[in-house]
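The sequence and structure are shown first.

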Amino acid sequence: MPTMNLKGWMERDGVRLIPTDVERMLGEGPEAIARCGGEFLLAHDDWIARDALGIMPGPVPPGTICCNGREVGRIAPDPPSCTLEEAIVTAVNLRSDEGAVAFSGGVDSALIAGLAHLPCVTVGLRGSHDTAWAAKSARMMRLDLDIVTPKEDEIAEALARVVRTIPDPTNPLEASIATTLYFVARWAGEYGCTRILAGQGADELFGGYARYLASPDLAAELERDFADLGRQRMRDQAVAALFGTYFSMPYLDLRVARAARAIPAEEKVRGGVRKHPLRMVAERHIPAEMARAEKKAMQYGSGIWRAIQQLARRNGYKKSVQGYLKEISRAEHDN
């Protein structure tokens, strides 16, 4: 009798499916799961299916149903339309039965943490902005928070592993983001957390980057950045996989993405305030001080970028972090 192997979780129209639900659907044929959302890799007999965003790693392309290596269908969930607030609450609730939250105290992660009620982890050098703000935010929200404060030798080791893992290893921005996430994933692996809820996608969906304030065509820039999220997911999941974990992304849930993309660009960045719609939702669920606070990107607020710059200088690259990364890449390749 064919056996089912499900990694991750599945849902349909906002309702989590238990294994017997999935098995029943499979009895109707592979096409029965085409409308399922979630973050999953599902194998059954001689076919395999993977979630639409490709959150769960697997041997087939994201969003495909394959039989004997041939695509026979697509995973295309189509949940009912809802408000942005309803979408975010549903997306987080679906992911909150286990795991932890990558927390910096910014509105993106704070809203997730406030809804999920899961343990939280922050990464930052001792005395960094993120560790101080995250600790204050966690106290305000009564969150269970662990703070990871990596030392220089740990950052050097992490950077070496990241360089041989991510798709664009000599890009300083990519490497610094991935190195920060490395410590989140390492912590999760050590504590037995497979799923890490994270705020990726919020900046691109709601207009969070500082450069958006001066954008001559915000709508077009948001579309370009949204299209780039697939590449970013590959980077983040490659790092998480080093520790047997994965990043779960509520803001990239189809409901949230659909509701966010329906909001005009000028409503997302207005009056000098970025991510305005998200902050309005957040104020109804977390302290207003946190919902309104501006925050640096994690690689800067954590101090990881500064540490990488210092490592580059100590290794003879005073003005070129990229040169340092290329040297690491060559050394890793030779080994």
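## Strands β8 and β9

Strand β8 (residues 120-123) runs parallel to β9, and the two pair over four bridges. Within this pairing, T122 has I147 of β9 as its bridge partner. Strands are DSSP runs of E with at least two residues, while helices are runs of H or I with at least four; both are numbered from the N terminus. Two strands count as paired if DSSP finds at least two bridges between them.

Helix α4 (residues 129-141) packs on the sheet and touches β8 and β9, contact being heavy atoms within 4.5 Å. The direction of α4 makes about 175° with that of β9. Axes are lines fitted to C-alpha atoms, for helices over the stretch in contact, and angles between N-to-C directions run from 0 to 180 degrees.

## Basis of the model

The model is predicted: local features need pLDDT of at least 70 and side-chain atom pairs count only at pLDDT 80 or more, whereas totals for chains, interfaces and linings use all residues. Residues are numbered from 1 along each chain as its sequence is written, and side-chain values use heavy atoms, with hydrogens and water left out.

## The parallel sheet

An open sheet of five strands has the order β9-β8-β7-β10-β11, with parallel pairing.

## Antiparallel pairs around β5

Strand β5 (residues 64-67) pairs antiparallel with β4 (residues 47-50) over three bridges; here I65 is the bridge partner of A49. β5 also pairs antiparallel with β6 (residues 70-74), over four bridges, and C66 stands opposite E71 in β6.

β5 and β6 form a hairpin with two residues between them. In the turn, N68 has a positive phi of about 50°.
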